[in-house]
Amino acid sequence: MSSRSRSSRQGSSRISDDQIVDLVSKLRSLLPEIRNGRRSDKVSASKVLQETCNYIRNLHQEVDDLSERLSQLLQTIDPDSAEASIIRSLIM
Amino acid sequence: MMHNPSKVKQKILKKFIMGLRSCNSSHENLSVSERRRIIKLSADLALASVRNGSRRWSRAIIEEASRSPDNKGLVQQMLGSDGDNHLPGPIPWEGRSDRNGAGHVTKSKSVVAASSKKIVKRCRRVRRSNGRAPRRNEAASIAKRLVKKRTQLLKDFVPGGRDMDDVSLIEETLDYMVWLRAQVDVMRALACSLPTTSS
């Protein structure tokens, strides 16, 4: 963490306009819908924040769904025996 | 933000499987819901441990998991081998630890929609009372209020978010989004590679 970011945080919990622009543009570049869809200059900060909440919420939902699915799959499978082949398949 | 995604995912997978072993070894007959809970916890802890405590959200996940006595064994097992690496050192500007809650809470879509409607109604009211479009600084303050509102919502989605200032929150979010995505990819890859047939 640079000292520059530390001093910008000192004494203020409110986000400044410049900080909004910088951070929101980074968020925007990570969001799949916005990146692939509309023109980036038209998307407002609040919209980006909303999309970010949606994105993270959807990921949490996927974690829950996958946990459910894995709980059924792993009832009979010993994780050790599957580990080697899975790791091999993940090496891209 | 993530230099070598496949290497990271391998690490997450190794840690994840470490946790999954406890499903099979500790108890003969776990209920489906208990198994699901352990699987999810293993995945979350795998992510947090690979991130290695360098981010608030990863430390928040570990702290929140450690609070429940049911989880102590699993936390120890998954993080114990790396040693106590939760904090790289004292962090002066951080205040009290999070005493509030059990981590991230999913807000229903209706809550978000309702608050959005309220904001739009407020904007329309302002416009009508002036008889013309709001002046530039009014529009700017409305925009600021929207950003503030949405930032508050975001706090519930990022582990440890409730204690963060706005700037930290967005920085943590940027990091968390990418790593959470990796966790999902690992879980999905595992689920897809396991045989589905049962006798």
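Predicted model: local features only at pLDDT ≥ 70, side-chain atom pairs only at ≥ 80, totals over all residues.
1. Residues are numbered from 1 along each chain as its sequence is written, chains are lettered from A in the order in which they are written, and side-chain values use heavy atoms, with hydrogens and water left out.

2. For chain A, the mean pLDDT is 70, and 50% of the residues reach 70 or more. Among the elements of chain A, helix H1 (residues 3–9) has the lowest mean pLDDT, at 45, whereas helix H4 (residues 45–73) has the highest, at 91; helices here are DSSP runs (H or I) of at least four residues, and strands (E) of at least two, numbered from the N terminus.

3. Chain B contains seven helices and zero strands. Of its 199 residues, 46% count as buried, a term for a relative accessible area under 20%, with exposed meaning over 50% and partly exposed in between (1.4 Å probe, protein chains only). Among contacts in chain B between residues at least 6 apart in sequence, 69% join residues at least 24 apart.

4. The largest nonpolar core has 63 residues, and A:Ile56, A:Leu70, B:Phe16 and B:Trp179 are among those with the most contacts inside it; such a core is a set of buried Ala, Val, Leu, Ile, Met, Phe, Trp, Tyr and Cys residues joined through side-chain atoms within 4.5 Å. H7 of chain B gives the most to this core, with 15 residues. Leaving aside neighbours within four places in sequence, B:Phe16 is in contact with several residues, including A:Leu70, B:Ile39, B:Val186 and B:Leu190.

5. B:Thr151 has its place in helix H6 (residues 136–155) of chain B and is buried, with a relative accessible area of 3%. The side chain of B:Thr151 reaches the backbone oxygen of B:Val147 at 2.5 Å, and, neighbours within four places in sequence aside, B:Thr151 is in contact with A:Leu49, B:Asp166 and B:Leu169.

6. B:Ala189, in helix H7 (residues 166–193) of chain B, is partly exposed, with a relative accessible area of 23%. The C-alpha atoms of B:Ala189 and B:Lys9 are separated by 10.0 Å, although these residues are 180 residues apart along the chain.

Conventions. pLDDT = per-residue confidence, 0-100. Polar contact = N/O pair within 3.5 Å; in protein donor to acceptor, adjacent residues only side chain to side chain. Contact = heavy atoms within 4.5 Å.
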